[in-house]
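Student: I am new to this structure. Could we go through it together, one question at a time?

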Amino acid sequence: LAVNSTVPLFYELAVEACYPVAEGLTTTVLTVSMNVVVLGFLLVQNDPKVGTAWMNWTVAGASVVAALILFRVVEHRKRLALDIDELTDECISRSTRDGDDVLQHVPASGITR
């Protein structure tokens with residue numbers, strides 16, 4: 001349950017880390033690579049000489065390796081910075097055009113610089 005609930009978070013992190021690469025391309029590469037790894041994991045099980053004891057250790061080891069890699073990831077939020085810059089530019093252009101105060105056009109969502 002906990003593993004499947006984090007999949008959308010990994011996709012979002014991958015998209016954020018790869019920006020400005022298109023989201024569709026990033027998620028496609030992530031999905032295809034995960035499916036190739038799972039295919040290999042499932043194909044190894046078809047060999048009767050291999051057994052199944054290794055499966056639990058492999059999954060546990062993959063979880064530990066993934067956690068160690070994630071601890072080193074620094075998220076920069078480039079998409080959010082671009083959205084805030086566009087919002088600020090729009091507010092400034094409205095204020096100069098209408099003669100209004102810039103802060104009047106900032107939405108109440110709490111986005112600040």
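Student: Is E16 buried or exposed?

Tutor: Keep in mind that this is a predicted model. E16 sits in helix α2, which covers residues 7-18. Its relative accessibility is 8%, and the limit for buried is under 20%, so E16 counts as buried.

Student: Which residues is E16 in contact with, leaving aside its neighbours within four places in sequence?

Tutor: Here we set aside the neighbours of E16 within four places in sequence. The contacts of E16 are then E75, R77, K78, R79 and L80.

Student: What kind of aromatic pair do F41 and W54 form?

Tutor: Searching the whole structure gives 1 aromatic pair. The ring centres of F41 and W54 are 5.1 Å apart, and their planes meet at 65°. An angle over 60 degrees counts as edge-to-face, so this pair is edge-to-face.

Student: How many residues apart in sequence are the parts that this pair ties together?

Tutor: F41 belongs to helix α3 (residues 23-44), while W54 belongs to helix α4 (residues 53-71). The pair therefore ties together parts that are apart in sequence by 13 residues.

Student: How many residues in the lining of the largest pocket are nonpolar, and how many are polar or charged?

Tutor: The largest pocket has a volume of about 1200 Å³, and 26 residues line it. V3, F10, M34, A62 and A66 are the ones nearest its centre. Elements giving two or more residues to this lining are α1 (2-5), α2, α3 and α4. By type, the lining has no charged residues, 7 polar and 19 nonpolar.

Conventions
Residues numbered from 1 in each chain as written. Predicted model: local features only at pLDDT ≥ 70, side-chain atom pairs only at ≥ 80, totals over all residues. Heavy atoms only, no water. Phe/Tyr/Trp six-rings, centres within 6.5 Å; stacked < 30°, edge-to-face > 60°. Helix = DSSP H or I, 4+ residues; strand = E, 2+ residues; numbered from the N terminus. Buried < 20%, exposed > 50% of the residue type's maximum accessible area, 1.4 Å probe, protein only. Contact = heavy atoms within 4.5 Å. 1 Å grid on protein atoms, 1.4 Å probe; cavity = no way out; pocket = protein on both sides within 12 Å on 5 of 7 lines; lining within 4 Å. Points joined across faces, edges and corners; volume = space filled by probe spheres on them. Nonpolar A, V, L, I, M, F, W, Y, C, P; charged D, E, K, R; others polar.
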